Structure formats: structure tokens, C-alpha cells
2 protein chains.
Amino acid sequence: MPFKSYLEAINKEFENHSYGQNPVELYEPIEYIMSLGGKRLRPLLTLMSANLWLYNWQKAIKPAMAVEVFHNFTLMHDDIMDQAPLRRGQQTVHEKWNINTAILSGDVMLVAAYDLLLLVEDRHFKQVVRRFNKTAAEVCEGQQLDMVFAKKKDVKKEDYIEMIRLKTSVLLGFAMELGGIVADADAESVDLLNEIGVNLGIGFQLNDDILDVYADPEKFGKQVGGDIIENKKTWLLLDALEKSVGSEEAKALEGWLKKKKFDANEKVEAIKAIYDKLEIKAEAEAEAKKYFRKATDALNKLAVSEDKKQVLRLFAEQLENREN
Amino acid sequence: MPFKSYLEAINKEFENHSYGQNPVELYEPIEYIMSLGGKRLRPLLTLMSANLWLYNWQKAIKPAMAVEVFHNFTLMHDDIMDQAPLRRGQQTVHEKWNINTAILSGDVMLVAAYDLLLLVEDRHFKQVVRRFNKTAAEVCEGQQLDMVFAKKKDVKKEDYIEMIRLKTSVLLGFAMELGGIVADADAESVDLLNEIGVNLGIGFQLNDDILDVYADPEKFGKQVGGDIIENKKTWLLLDALEKSVGSEEAKALEGWLKKKKFDANEKVEAIKAIYDKLEIKAEAEAEAKKYFRKATDALNKLAVSEDKKQVLRLFAEQLENREN
């Protein structure tokens with residue numbers, strides 16, 4: 001089963017899914033954000049994981065959707081906190097409606113995620129909720145850390161990795177673990193699935209940081225250099241700050257970070273030049289590779305046939321080499 | 001077991017409960033809002049309900065706390081939406097910290113509520129979560145309706161009752177139902193408990209509306225007339241608007257509602273005088289009594305000994321006759 005069929009099945013289920021009717025002011029924004037699309041990475045991972053065992057993967061679609069609904073709930077609330085005007089090229093919910101609507105529709109989306117989890121077998125439900133709760137709390141912790149780091153002076157690269165582990169990666173870990181649980185996988189395999197997902201997630205986010213600077217603008221789909229313009233403390237910036245200590249590059253970097261008024265292109269080019277001089281790209285790629293390698297190692301350990309693993313391997317490769 | 005012992009047990013458990021440690025920015029606001037106190041009405045109802053059957057009520061404390069944590073999550077988010085500066089006489093979370101903190105700490109509180117529900121027996125867990133999800137979504141629907149009504153012209157009294165049923169009462173219904181479920185009560189009794197709770201909740205909220213206008217300021221603990229000053233469409237105002245159609249009182253009422261600048265005391269006294277002339281207080285009291293009566297009727301039907309029911313009866317009476 002190639003993952004395009006999974007994706008079609010997920011999107012079809014989403015089209016037919018109702019979150020609620022009244023009042024429309026509460027439920028319309030949910031339909032809206034869910035209709036904006038996205039890669040549906042998380043539910044795909046759930047279905048691919050479930051399909052590693054002898055299991056009718058279609059029974060995992062609803063629980064898989066819970067992960068995607070939860071993810072979009074965090075986007076709806078994060079966009080308020082980040083005052084983001086756009087999401088996937090469209091107006092964010094708090095822009096299209098207002099902040100109150102985005103808060104409340106988000107809240108009910110979190111409940112909707114738990115509602116979709118109800119559709120796992122009774123014998124798995126408590127374990128699923130326990131793990132989901134842990135994951136959901138960690139995602140909130142990651143978002144809080146992200147906001148703390150934005151104002152903090154001395155953020156270390158390892159702090160940053162821990163932040164993205166919480167904010168992004170644990171949910172990919174849970175998505176895969178969930179697939180294992182519903183397919184009655186043994187405990188060791190369930191743990192390995194989590195490990196694969198978490199490491200894919202960290203690699204994925206590091207690639208995001210790299211693509212923000214080095215993507216081909218025609219393939220990327222959003223503005224290249226967005227993180228640089230906003231002084232976002234990505235792994236690349238933290239690495240550059242660390243490597244440049246005491247050098248001229250450090251002064252130039254600090255100068256750009258402090259500048260309130262600047263030409264966006266000029267700033268992006270200048271900081272990119274500093275990154276190039278410090279060879280940041282290669283280091284970031286090596287760092288990302290490290291996590292993709294950890295994911296592959298865990299996948300290798302998984303006690304299922306190589307044949308079954310093939311789809312996940314292919315998917316992980318595509319994640320590692322993506323251009324947008 | 002008088003309910004003061006329940007209250008002590010609940011508050012002691014809350015003092016010892018940890019929601020999480022890191023980052024402190026995320027968890028401190030939760031400790032803060034939970035420390036502001038309140039009547040702990042909902043967990044009390046859970047424990048009293050559980051104790052109607054042969055059941056060690058102490059086993060219901062953690063699930064009972066889930067209802068209180070959920071309630072306080074809704075307060076944290078509602079206070080943002082209502083731009084409320086104070087909660088129980090203290091700064092609201094978004095005032096003391098900021099809006100982002102109140103959004104995110106609220107989110108993790110909702111997860112914390114599900115975490116406390118995990119502590120029911122395995123055989124009850126799915127039923128509890130299913131009913132909790134339904135209730136939580138309804139509470140959000142009620143809050144959305146409340147915001148819609150604030151801007152809507154022709155709100156009817158029955159729309160208002162439906163709004164407070166969702167926003168306030170269904171959670172009291174769930175709190176009682178939860179007590180029954182954990183104590184292995186039969187399905188009919190569980191439904192009756194829900195019915196008692198919902199009707200107590202509507203009566204409770206109608207009393208709130210009455211107290212806002214007619215409470216003894218020395219006993220009330222907050223500003224009398226707050227709803228009047230804000231043009232809040234309470235049952236009393238809706239009843240007055242309905243009863244006064246075409247009369248002089250209607251003109252006077254509309255005049256006050258439109259006035260942008262006014263002396264607060266003068267407005268409160270003037271609208272109170274209109275209410276008095278239209279005999280709104282007696283009607284509101286009769287309406288509240290109707291729901292307390294429904295609660296008592298359901299309590300009467302409950303197949304447990306009168307002896308066991310006594311605490312709940314006393315508690316319902318205190319709710320009906322409360323002065324703050």
C-alpha cells in the first residue's frame with residue numbers, strides 16, 4: 001500500500017467528518033483550518049505504522065485523524081500567540097474571525113481530538129489517552145519554551161533541540177506509537193515506533209530551519225529567509241552565534257540582530273553570507289542527518305519483515321530530502 | 001458525611017496536586033488560578049453523588065478534581081474573551097501574566113483534566129470520557145452562544161436558558177453523573193443524577209442573575225449591579241424587555257441600554273426601579289424555583305434511601321437560598 005492511498009483515505013474521511021453544527025460561529029473555523037490542507041504527515045505515520053502488522057489499517061483512520069486535529073488545534077492557538085497573519089498561504093483563524101473565536105474553536109478542537117480517540121478498541125483506550133495526554137502536555141511545554149527562548153539571551157543548541165523535541169517531535173512519536181498500539185504491536189515495538197517518530201520529527205524540524213535559508217524559492221512555497229528576518233533563534237543561528245564568538249562575524253551578526261530598520265533582502269543575504277563563511281549549512285545538515293540516522297536505526301531494530309518496512313523507509317527518505 | 005468534610009478532602013488533595021514543573025511559566029498560572037478558591041461546587045457534587053451508593057467516596061476525589069480543573073480552564077479562557085480584569089477579587093491570569101500565557105496554560109489545564117479522569121476504574125473510563133467530551137463541547141458551545149447573544153438584538157428568554165444550560169449547567173450534570181458512574185450506579189440513576197445537576201445548574205445561574213441586582217452588598221462579595229452596568233442580557237433584562245413592550249418602561253430601558261456615558265449607581269437604581277415596577281424579581285424567582293423543583297423531583301425518583309439523599313437535599317436547599 002503506497003502512502004498516497006493512505007493520504008486519499010485520510011482526506012476523504014476528513015471531508016465527511018462533522019465536528020458539530022451549532023453554533024456555526026464555533027464550528028466553522030474548525031472546518032476552515034482543516035480544509036487548508038497540509039502534508040497530513042502525522043495521520044500518515046499512524047496508518048503506515050499500523051500497517052506494519054497484520055491489521056486492517058482503515059480501522060486506524062479515525063484515531064489517526066485525532067492526531068491531525070490535535071496538531072491543527074495547536075496551530076490555531078500558536079498562530080494567535082505568534083500573531084501570525086497567514087497559515088498555508090491563507091488567513092489565520094484569528095485574522096479571518098477574531099482572537100476569541102480562535103481561542104474557543106481551538107478549545108473545542110482539542111475535545112474533538114479526544115472524541116476521535118474514543119474510536120480505538122476498548123482495551124487500548126486507556127493506554128492511548130495516557131500517552132496522548134503526556135504528548136499533548138509536552139507539546140504545550142515546547143510552545144512555552146519557544147516563547148521563553150524568543151526573549152532569552154543565551155539559548156544553547158541543546159536547549160533548542162529539547163524545545164523542538166517537545167513542540168514538534170513528540171507528536172510524530174505519538175502518531176507512530178498510536179499505529180502500533182491499535183495494531184496490537186508488542187510493547188518493545190511500540191517504544192521503537194515512538195523513537196522513530198521523535199527522531200524523524202527532530203530531523204524534520206532541523207530541515208525546516210535549513211530550508212528556510214537555503215530552499216529553492218520556486219519549490220519552497222513560502223518566503224525564503226523568514227526566520228532570518230524575524231531573528232528566530234533556529235539551530236543555524238544558535239550554531240553561528242556559538243561558532244563565531246570573538247570573531248568579526250559575531251559583531252556583524254549581533255549588528256544585524258539589533259537593527260530595527262533594514263531591507264529584508266539585504267539582511268537575509270548578509271546573514272546567509274555569514275552562515276556560509278562559518279559553514280553552518282553543512283553542520284546543520286550533519287545534525288539533521290544524525291536524527292534521521294537514529295530513526296533508521298530504530299526502524300532497523302523493529303521486528304517486522306523488511307518488506308513491510310519498505311514504505312516507512314521510503315517515507316523517511318522523502319522527509320530527509322524534501323525541498324519544501 | 002457532611003459536605004464540609006468533602007470540601008476539606010478536595011482542598012487538601014488540590015494542595016498536594018502537581019500539574020507539572022517545567023517550564024514554570026506554563027504551570028505557575030495553573031497553581032495560581034486553582035489557589036483562588038471558589039465554592040468547589042462541582043467536585044462536591046461528584047463526591048456527594050458517589051456517596052449515595054456503597055462506595056468509598058475518597059476514590060472519587062481525583063476524578064472529581066478533573067471537573068474542577070476543567071471548570072477553571074474555562075474560567076481562564078473566558079476571562080480572556082471577556083477581557084475581565086478580576087476573578088474572585090484577584091487579577092485574572094491574562095492580566096497578571098499575559099494573553100499568550102492564559103491561552104497556553106489553559107490548554108494544558110484541559111489536558112490535566114483528562115489526566116485526572118484517567119484515575120477512574122478501567123471499566124468506567126470510556127463512558128466517563130465519552131460523557132466528558134460531550135459536556136466539554138457543550139460548555140464551549142454555551143460560551144460561544146453567550147458571545148453571540150452579547151451582540152444579538154432579539155434574544156429570547158428560552159434562548160438564554162438554553163445558553164446557560166450549555167455554558168454552566170451541563171457541567172454540574174456531568175459532575176453528579178460522574179459520581180454515580182464511579183460508584184457503579186445503575187444507568188437510570190446515572191441519568192437522574194445528570195438531570196438533578198443540570199436543573200440545579202440552571203437554578204443556580206438564575207439565582208446569580210437575581211443576586212447581581214438584589215443581593216445584600218455586605219453579603220454578596222462583589223459589586224451589586226455589575227450585569228446592569230454592562231448591559232448583560234440576563235434573564236431579568238430579557239424578561240423586562242419582553243414585558244414592557246410598547247410601554248414607557250420600554251423607552252426608559254432602551255434609553256439606559258444605549259447610553260454610553262452614565263453614573264453607574266444612577267443606572268443601577270433606574271433599571272432596578274423599572275424591574276420593580278414590572279415585578280421582574282418575583283418572576284425570576286419563580287423561574288429559578290421551577291428548576292430547583294425539577295432537581296428535587298429527579299432526586300425524589302432516585303432509588304436510594306432517604307437517609308442517603310439527605311446531604312444532597314440540604315446542599316440543594318443551600319444553593320437555592322444562597323446570598324452570595
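Reply: Helices are DSSP runs of H or I with at least four residues and strands are runs of E with at least two, both numbered from the N terminus. With that numbering, the loop between α2 and α3 of chain A holds A:Arg40. Residues are numbered from 1 along each chain as its sequence is written, while chains are lettered from A and ligands numbered from 1 in the order in which they are written. The model is predicted: local features need a pLDDT of at least 70, side-chain atom pairs count only at pLDDT 80 or more, and totals for chains, interfaces and linings use all residues.

Confidence may be considered before the details. The pLDDT is the predictor's confidence in each residue, from 0 to 100; chain A averages 95, and 99% of the residues score at least 70. For the model, ipTM is 0.95 and pTM is 0.96.

Most residues other than glycine have a negative phi, and most peptide bonds are trans. A residue is buried if 20 or more other C-beta atoms, placed from the backbone, lie within 10 Å of its own, exposed if 12 or fewer, and partly exposed in between. A:Arg40 counts as buried because it has 20 C-beta neighbours inside 10 Å. A:Arg88 also has a positive phi, near 50 degrees, but belongs to the loop between β1 (86-87) and β2 (90-91) of chain A. With 13 other C-beta atoms within 10 Å, A:Arg88 is partly exposed.

Helix α3 of chain A covers residues 41-50, and nine of its 10 residues are buried, so the helix is largely enclosed by the rest of the structure. Among the buried residues are A:Arg42, A:Pro43, A:Leu44 and A:Met48. Two residues are in contact if their C-beta atoms, placed from the backbone, lie within 7 Å; by this criterion the buried residues of α3(A) pack against α1 (3-16), α4, α8 (157-182), α9 (187-214) and α16 (306-320) of chain A.

The loop between α1 and α2 of chain A contains A:Pro23, and the bond joining A:Asn22 to A:Pro23 is a cis peptide bond with omega about -10 degrees. In chain B, the peptide bond from B:Asn22 to B:Pro23 is likewise cis, with omega near -10 degrees.

Turning to the contact between the chains, 33 residues come from chain A and 33 residues from chain B. On the side of chain A that touches chain B, the elements giving two or more residues are α2 (24-35), α4 (61-81), α6 (99-117) and α7 (122-151). Of these, α7(A) gives the most, with 15 residues. That side divides into 19 nonpolar (Ala, Val, Leu, Ile, Met, Phe, Trp, Tyr, Cys and Pro), seven charged (Asp, Glu, Lys and Arg) and seven polar residues (the others, Gly among them).

Superposed by least squares on the C-alpha atoms of residues with pLDDT of at least 70 in both copies, chain A can be laid on chain B with an RMSD of 0.0 Å by a turn of 180 degrees and a shift of 0.0 Å along the axis. The two copies are therefore related as by a two-fold rotation axis. The same surface serves both copies, with 100% of the contact residues of chain A recurring in chain B.
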